[in-house]
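The sequence and structure are shown first, and the description follows.

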Amino acid sequence: MGHPVERESGEAAPTELPPGQRLQRGWPVTHYGPVPKFRPERWEFRVFGATADGEKHCWNHEEFTALPHTTVVADLHCVTKFSMIGAEWGGVPARTVLEIAPPAADVTHVMVWAEYGFSSNLRLADFASERTIFATHKDGELLTAEHGFPLRLIVPHLYAWKGPKWVRGVEYMTADRRGFWEERGYHNLGDPWKEQRYSYQEEPGDGPEL
């Protein structure tokens, strides 16, 4: 079980930490590889794969940031065992992308693609959560480059590696396929409340064979 998180005032926050996590003040920078340089004239967000109409859908940076925005107050749980509590994420809901570029009826999973070919797979139900958001802001401020500007995915109910920084697109899939970290020993599902950190913990049916 987790334990109640104390706010600065000493009041108990209406949340608990997942097992094995510790409360983090501030936001450490964690990622693999260099920080990409943002070139707005070259930036494109793509939805492709098993789309309902069989077409690829693309938005440039201006078009994507003009999509309806919302905010979600949610925690961020890193597999390295720190948790950041109660951040306000602003951006485009994943559900909005699903609405304007619908998946085919037999889609079960998505692959979220980011710079340098980084990828992370998600069950469609996790991606379609009302709290999953393509974030451009945290606590009212634009994300910094180190934290994923111009776009990172936040999936609050999963470990943070399931929400890549520097996102460039989503692939709709009719069968599961492991992403970058999932191929390198991380759990295919990544539920922090079940402490699904590593692939050796997987149960039958949790993911494709390694």
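Two strands pair if DSSP finds at least two bridges between them. Helices (H or I, at least four residues) and strands (E, at least two) are DSSP runs, numbered from the N terminus. With these terms, V47 stands opposite V170 in β13. Strand β4 (residues 44–49) and strand β13 (residues 167–173) pair in the parallel sense, over four bridges.

The model is predicted: local features need pLDDT of at least 70 and side-chain atom pairs count only at pLDDT 80 or more, while totals for chains, interfaces and linings use all residues. Residues are numbered from 1 along each chain as its sequence is written, and side-chain values use heavy atoms, with hydrogens and water left out.

**The chain as a whole**

The protein chain has three helices and 13 strands. Of its 210 residues, 50% are buried, where buried means under 20% relative accessible area, exposed over 50%, and partly exposed in between (1.4 Å probe, protein chains only). The accessible surface of the protein chain comes to about 10,400 Å², and carbon and sulfur atoms hold 50% of that surface; such areas come from the Shrake-Rupley method with a 1.4 Å probe. Among contacts (heavy atoms within 4.5 Å) between residues at least 6 apart in sequence, 63% join residues at least 24 apart.

**The five-stranded sheet**

An open sheet is formed by five strands in the order β5-β4-β13-β8-β9, with mixed pairing. Its edge strands, β5 (57–60) and β9 (119–123), each pair on one side only. On average, neighbouring strands of this sheet are turned by 15° against each other, direction ignored; the axes behind this angle are lines fitted to C-alpha atoms, for helices over the stretch in contact, and angles run from 0 to 180 degrees between N-to-C directions.

V72 lies in strand β6 (residues 70–77). Leaving aside residues up to four places away in sequence, V72 touches A87, E88, W89, E130, R131 and I133. The C-alpha atoms of V72 and R131 are separated by 6.3 Å, although these residues are 59 residues apart along the chain.

| Residue | Relative accessible area | Class |
|---|---|---|
| V72 | 8% | buried |
| C58 | 32% | partly exposed |
| C78 | 8% | buried |

How many disulfides does a search of the whole structure find? The search finds zero disulfides, a disulfide being a pair of cysteine sulfur atoms within 2.5 Å.
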